[in-house]
Structure formats: C-alpha cells, structure tokens
Amino acid sequence: MSANARSGKPISIQPEFANFPAELKSLTNWVNWRYLPPKSNGGKWRKVPFQPNGKTADTTDRSTWSRFEECCAAYAQDKFDGVGFVFDGDIGADGLCYCGVDLDSCVHNDTEVHSLALKRIKQLKTYTERSVSGTGFHCIARAEPLDRIAKFDGVEVYTKARYFTFTGCAFGKIKAAPAAIRSLVDELRGKEAAAKQQQSGHSGSDGMSSIELTNPFKNAKPAQAFAALGGAQESLADGIKTTQWFETLPPELKDEVVDYALGVIAK
C-alpha cells in the first residue's frame with residue numbers, strides 16, 4: 001500500500017503535458033497545486049494553488065501566476081501534485097473569454113458516464129479532459145464573461161477567479177460556444193432558483209408548516225438529518241417514502257438520502 005493510500009491522500013491522474021492546449025500554454029496563467037488535508041473530520045482533501053517557488057498562489061492576483069514551463073519544471077522536481085490554469089475573464093478580439101465547466105462526480109466504475117453529463121459534453125463540443133480524480137470532466141470553451149459563478153447539481157461554470165487542475169487526458173479543441181454556455185448557465189441558475197423557492201416555501205393546502213418543509217439535510221450529515229426528522233428511521237422498514245420534504249431537495253441530496261436509507265434498510 002502506498003503512503004498516499006495510508007494517509008488518505010487522493011491519488012491523482014498524472015498530467016500529460018503534450019496534450020495541453022497550445023493556446024493556453026502560451027499564457028502566463030499557470031499555477032502548481034498540492035493536496036492539503038481536510039480542515040475538518042470527514043471533509044475533502046483540498047487542491048490548493050501554489051507558485052513554483054513554493055509560496056501560495058491566488059486566483060485573483062495575477063502576480064502569483066507563472067509561465068507554463070516554470071510550473072512544469074517545479075512539478076518535475078516532485079514538489080507538487082500537478083499544474084493548473086487560472087481563468088482571468090480577459091476578453092479577446094472575438095469578444096469572448098475562456099470559460100471552465102466542471103462536471104463533478106459523473107463517472108462511475110471508471111468507464112460509465114452519467115447520461116446528463118454526456119449530453120452536456122456533446123452540446124459544448126469543445127476541449128474536454130478527465131479530472132484529476134478520474135470521476136469527472138473539465139470542459140474549456142470560449143464564451144461571454146459571467147457576472148458570477150453558476151453552480152448547481154454537481155456542475156460549476158466560471159470565467160474568472162477560479163482555476164482548473166489539468167490532466168491532459170483529453171479530446172477535442174477549445175472552441176467558441178457562447179450559446180451553449182449561456183444555455184447551460186440559464187439551466188443551472190433556473191434549477192437553483194427553483195430549489196431555493198421550494199426550500200423557503202410556506203404552508204401549503206395540506207396544512208404543513210414551513211418548518212416541516214425546511215431541508216433537514218442542508219447543513220447536516222444524513223444520520224443527523226434523519227434523527228432530526230423524528231421517527232423517520234422507523235418508517236424505513238416499510239420502504240423509502242418520498243414525503244414532501246424529500247421533494248424539496250436538490251438531486252444530489254436526494255441521492256445521498258436514498259443511499260443512507262438503503263444502508264439503514266440493509267442493517
């Protein structure tokens with residue numbers, strides 16, 4: 001067993017530098033990155049950006065970014081876990097900027113890609129690479145700058161102040177996709193707004209109170225949330241009941257609830 005496996009540190013896909021887009025290599029938007037332990041028990045290992053000299057990098061401070069060659073050299077010395085590209089929102093002659101689309105946790109059993117993620121990749125028709133964990137995809141396209149990040153349902157879209165860890169395990173070339181990006185952003189923000197509206201709903205025609213409709217899984221682990229529901233675990237013997245509070249959850253939390261419920265039933 002490797003030291004990484006014993007410590008719990010994730011094992012990432014090694015970068016294939018030859019496959020990185022040439023147009024990005026020419027920019028000084030590069031950083032190194034390193035896995036750092038979670039800040040709390042049960043948290044995720046953090047992918048923290050660094051400068052080749054070992055100082056931390058800041059995705060909002062261009063003076064902390066470096067040339068591609070410098071980051072590759074630092075990586076070759078086994079100082080870091082990889083290299084990354086920072087999105088700066090700079091608009092080019094085409095009126096567009098580089099845009100990153102992060103499709104998280106959409107690969108299962110190493111080969112099965114979630115149908116919705118596959119649909120989005122096909123719609124974007126641009127440079128796409130496997131994420132360092134191997135469980136997701138990163139897409140890079142040219143698009144209109146966003147006023148803020150779009151984030152929902154395991155998908156993030158941004159054009160500045162964020163960075164991508166790179167693998168080069170990729171296909172396709174970076175293409176202009178303003179309409180496809182705009183459509184995806186509208187979809188994510190629409191779903192986010194609908195979810196927030198449901199979670200903040202008041203008494204309905206069935207007389208349920210707004211307290212009963214709040215999302216018990218928002219800031220708690222499944223075990224804690226089920227306990228807060230009071231008696232919900234006892235009803236699991238009769239099957240998974242999708243009561244009204246369940247329908248207020250976003251898709252990723254519904255999956256978490258069902259997984260936990262199945263575990264309770266199995267026991």
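D78 is placed in the loop between helix 3 and strand 3 (82-88), where helices (H or I, at least four residues) and strands (E, at least two) are DSSP runs numbered from the N terminus. The phi angle of D78 is near 65 degrees, a positive value in a residue other than glycine. D78 is exposed, with a relative accessible area of 68%; exposed means over 50% relative accessible area, buried means under 20%, and partly exposed lies in between (1.4 Å probe, protein chains only).

This is a predicted model, in which local features need pLDDT of at least 70 and side-chain atom pairs count only at pLDDT 80 or more, while totals for chains, interfaces and linings use all residues. Residues are numbered from 1 along each chain as its sequence is written, and side-chain values use heavy atoms, with hydrogens and water left out.

**Overall composition**

- The protein chain contains nine helices and 12 strands.
- Of its 267 residues, 40% count as buried.
- The chain exposes about 14,600 Å², of which carbon and sulfur atoms supply 51%; accessible areas come from the Shrake-Rupley method with a 1.4 Å probe, and for residues only the protein chains shown count as cover.
- Among the contacts in the protein chain with a separation of 6 or more, 69% are between residues 24 or more positions apart; contact means heavy atoms within 4.5 Å.

**Nonpolar cores**

- A nonpolar core is a set of buried Ala, Val, Leu, Ile, Met, Phe, Trp, Tyr and Cys residues joined through side-chain atoms within 4.5 Å.
- The largest such core has 21 residues, and those with the most contacts inside it are V101, L103, V157, I181 and L188.
- Two or more residues of this core come from each of strand 4 (97-103), helix 4 (115-124), strand 8 (137-143), strand 9 (150-152), strand 10 (155-158) and helix 5 (178-199).
- Helix 5 gives the largest share of this core, five residues.
- Apart from this core lies another, of 17 residues, among them W30, F68, F85 and Y158.
- Beyond residues up to four places away in sequence, L103 touches A117, R120, I121, G136, F137, C139, G154 and V155.
- In soluble globular proteins, nonpolar side chains tend to be buried together.

**Packing of helix 4 against helix 5**

- Two packed helices are described by the angle between their axes and the distance between the axes.
- Helix 4 and helix 5 pack at an angle of about 145 degrees, with their axes 9 Å apart; axes are lines fitted to C-alpha atoms, for helices over the stretch in contact, and angles run from 0 to 180 degrees between N-to-C directions.
- The crossing of helix 4 with helix 5 is right-handed; a crossing is right-handed if the near helix is turned clockwise from the far one by less than a right angle, and left-handed if anticlockwise.
- On the helix 4 side, R120, Q123 and L124 meet A180, I181, L184, E187, L188 and K191 of helix 5.
- By class, this contact has five nonpolar, one polar and three charged residues; Ala, Val, Leu, Ile, Met, Phe, Trp, Tyr, Cys and Pro count as nonpolar, Asp, Glu, Lys and Arg as charged, and the others, Gly among them, as polar.

**Partly exposed residues in loops**

- S105 lies in the loop between strand 4 and strand 5 (107-108) and has a positive phi of about 50 degrees although it is not a glycine. S105 is partly exposed, with a relative accessible area of 46%.
- P145 occupies the loop between strand 8 and strand 9 and is partly exposed at 40% relative accessibility. Leaving aside neighbours within four places in sequence, P145 is in contact with I91, C97 and T159. P145 and L96 are 49 residues apart in sequence and 6.8 Å apart in space, C-alpha to C-alpha.
- K175 is found in the loop between strand 12 (170-171) and helix 5, partly exposed with a relative accessible area of 45%. Not counting residues up to four places away in sequence, K175 touches K125, T126, A141 and R142. The C-alpha atoms of K175 and I140, 35 residues apart along the chain, are separated by 8.0 Å.

**Partly exposed residues in helix and strand**

- E69 belongs to helix 3 (residues 68-76) and is partly exposed, with a relative accessible area of 46%.
- K160 lies in strand 11 (residues 160-165) and is partly exposed, with a relative accessible area of 47%. Leaving aside neighbours within four places in sequence, K160 is in contact with F87, D88, G89 and L146. K160 and F87 are 73 residues apart along the chain, and their C-alpha atoms are separated by 4.5 Å.
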